Amino acid sequence: MATTAMRTQTLTGSIATEPILNMKLTVPVPPQKGAPGKIRNRLRLDPARALEPARKKIATVEAQRVMSVFEDTIQKIEISSMIPYILENLDRFRISFGAELCSLLDNHSVIISSYNEIKEQLDRQMQRNRIRSASSVRSDASQDQQNETNETQPTEDDGDQGSNYDGQSPPQSPVDKPPSRGSSASSRRSNPSVASFDSQTERTMRNLSLVAQQLSSSCKNILRQFQINGTAFNSVKTHFNARPKESTQLLSYMNDLRDILLNKLLTTPEEEKERMAYIQEVSERERNNATIIAKMEEELDAAVADKEEEMKKKNDVIKKLQTELQQIINFSKENIGRIKNEQDKQESADKKNHEGKVQRLQNEIVQLKTQLQNLVLEHREKEQDLRRMKFKVESQVEGLIQKYDGEIRESP
């Protein structure tokens, strides 16, 4: 404890006061003459680059200073996030850092150790304070509850005495009055151990604040030395992948913010107005589209509901038709059985009639075959005469065609 107090006094004895430079930067906008539809022209050329500024480089000195300060801030964050890794591997970087930077880092490590020790001490004191406060609150609550219980429990003597006053409340003696609740609180405030503990906690918090200021000043000195020593920064730059995940995420956000700031500095007021008008137009179009989409979704829901209702009705009709179809199938089976019996009877009768008809028809077939042979002989002679006539006519037609083709060739 004494060692920690001495170290705190040594570290917080002298804290350098750093000068503060107040600057008010203004970005002058040069007047530009041109058509008001630059964004729409870029939109026609490339819709993906419609909102990008027309300029690609910063023209004013003030804007360049703003970007320089922001990039310097990002560089300081990169170095600050690497300080824990540098302190763990300081022996590796001693040659490239130099004696002055290594001395600052050693001092920074001592300050961090002191800060952690004082913070742990403050945490222990706060924990003991919470435990002591909780125990005192519980004891006061139990005492108050006991007093209230004593007040609300009437005795038999009080009941007998109260009956003698004809409904009027009996007078209270000064002894019967309950003790005030503020007595316990005043006893707690007058406890010298609690007061000394609070003063000790305040002293520890004051020491922690002083060490925090010293830690901040040491970190600023380290960052200044890194800006002076370019070799040290380059040697640390190769180990940027060792930084914590939170620092990497912070740097990613800072780089995104840098791009936004650069975009703002490259954008003129005229382009900003055009961009806002374009964004407002797109937003209005988006709202209109959203309204149309909501209306179409309502219509779609209504159409789907109608379709489902129609499908439900058709399903009912299908079930009804299936029931009727099953009834028809059952009736058809019965009818088919009855018809089959009648068919068997009719078939036996028709078979007998068929045999007689077959015999009669066979006789007719024999007679017709004889007549057919006679007709074939007669028609064969007629066919030969017709074939000869056909050949003659075809020969005449072919001759006429050849004659016609010849006359056509000879004609001019």
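In which helix do Arg287 and Glu284 both lie, and how many residues apart are they? Both residues belong to helix 11, which covers residues 269-410, and they lie three residues apart, about one turn of the helix. The structure is a predicted model, in which local features need pLDDT of at least 70 and side-chain atom pairs count only at pLDDT 80 or more, whereas totals for chains, interfaces and linings use all residues. Residues are numbered from 1 along each chain as its sequence is written, and side-chain values use heavy atoms, with hydrogens and water left out.

The protein chain contains 11 helices and zero strands, where helices (H or I, at least four residues) and strands (E, at least two) are DSSP runs numbered from the N terminus. Read from the N terminus on, its elements follow the order α-α-α-α-α-α-α-α-α-α-α. Of the 412 residues in the protein chain, 17% are buried; buried denotes under 20% relative accessible area, exposed over 50%, and partly exposed the range in between (1.4 Å probe, protein chains only). The accessible surface of the protein chain amounts to about 32,100 Å², and carbon and sulfur atoms contribute 55% of this area. Accessible areas were computed by the Shrake-Rupley method with a 1.4 Å probe; for residues, only the protein chains shown count as cover. Among contacts in the protein chain with a separation of 6 or more, 84% are between residues 24 or more positions apart, a contact being defined by heavy atoms within 4.5 Å.

A total of 12 salt bridges was counted, each defined as a side-chain nitrogen of Lys or Arg within 4 Å of a carboxyl oxygen of Asp or Glu. One of them links the side chains of Arg287 and Glu284, with an N to O distance of 2.4 Å. Arg287 is partly exposed at a relative accessible area of 46%, and Glu284 is likewise partly exposed, at 36%.

Helix 11 also holds Lys314 and Glu310, which are four residues apart, or about one helical turn. These two residues form a salt bridge whose closest N and O atoms are 3.4 Å apart. Lys314 is partly exposed, with a relative accessible area of 47%, and Glu310 is partly exposed at 37%.

A further salt bridge joins Arg388 to Asp385, the closest N and O atoms being 2.2 Å apart. Arg388 counts as exposed at 53% relative accessibility, whereas Asp385 counts as partly exposed at 41%.
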